[in-house]
Amino acid sequence: MLIDVHADAYADQMDDPFHQRFAWFVDHWTGMDGFSCAVAYNADRPVGFAYGAPLTPGREWWRPTDYEPSDGHISTYAVSEVMVRPGWRKQGISERLHEALLKKRTEDLAVLLVDVTHPKVQALYESWGYTKAGEQQPFADSPVYAVMVKELRT
């Protein structure tokens, strides 16, 4: 189901080898301890999802940046994907999926990556309470991403 939604959401980019590896990413993330996923449906059809998992201490995505967690609160949940099929975008579904994903999390921080060539998406995450901590390129064939951090516990 996740792979089908991805193929629809990125139909115009499926010739990109990075997008072609999405099944590998799904296998990787679903195998992580603490993996969680929220799915939105229209009738019986999945129209979007958000998923992630806690990051291993010391391997948090914000570590290489100048970000300093407040009061030593460093447990971090990585929001790996927030994805909505094109026909259901701009209806608030991604925000509701994101909220559902993080609602019961006990970590101090949430972190996600957003392609730096998508400033509107970065602005959307900022409207959800994230701040840009820095940039990174996790794979040689991946885009450069803005590392976005949100405090979940204050």
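The buried residues of helix α3 pack against α1 (2-9), α2 (17-20), β2 (45-54) and β3 (76-84). Buried here means under 20% relative accessible area, exposed over 50% and partly exposed in between, with a 1.4 Å probe and protein chains only. Keep in mind that this is a predicted model, where local features need pLDDT of at least 70, side-chain atom pairs count only at pLDDT 80 or more, and totals for chains, interfaces and linings use all residues. Residues are numbered from 1 along each chain as its sequence is written, and side-chain values use heavy atoms, leaving out hydrogens and water.

**Helix α3**
- Look at residues 22-30: the buried ones are Phe22, Phe25, Val26 and Trp29.
- Seen down the axis of α3, they fall within an arc of 100 degrees (taken from the directions from the axis to the C-beta atoms), so they line one face of the helix.

**The cores**
- A nonpolar core is a set of buried Ala, Val, Leu, Ile, Met, Phe, Trp, Tyr and Cys residues joined through side-chain atoms within 4.5 Å.
- The largest one has 23 residues, and Phe22, Trp29, Phe49, Tyr51, Val111 and Val149 touch the most other members.
- Its largest share, four residues, comes from α3.
- Apart from it lies another core, of 22 residues, including Trp88 and Leu97.

**Out at Pro138**
- You'll find Pro138 in the loop between β5 (131-136) and β6.
- Pro138 is partly exposed, with a relative accessible area of 36%.
- Beyond its neighbours within four places in sequence, Pro138 is in contact (heavy atoms within 4.5 Å) with Leu113, Pro143 and Tyr145.

How values were computed: Helix = DSSP H or I, 4+ residues; strand = E, 2+ residues; numbered from the N terminus.
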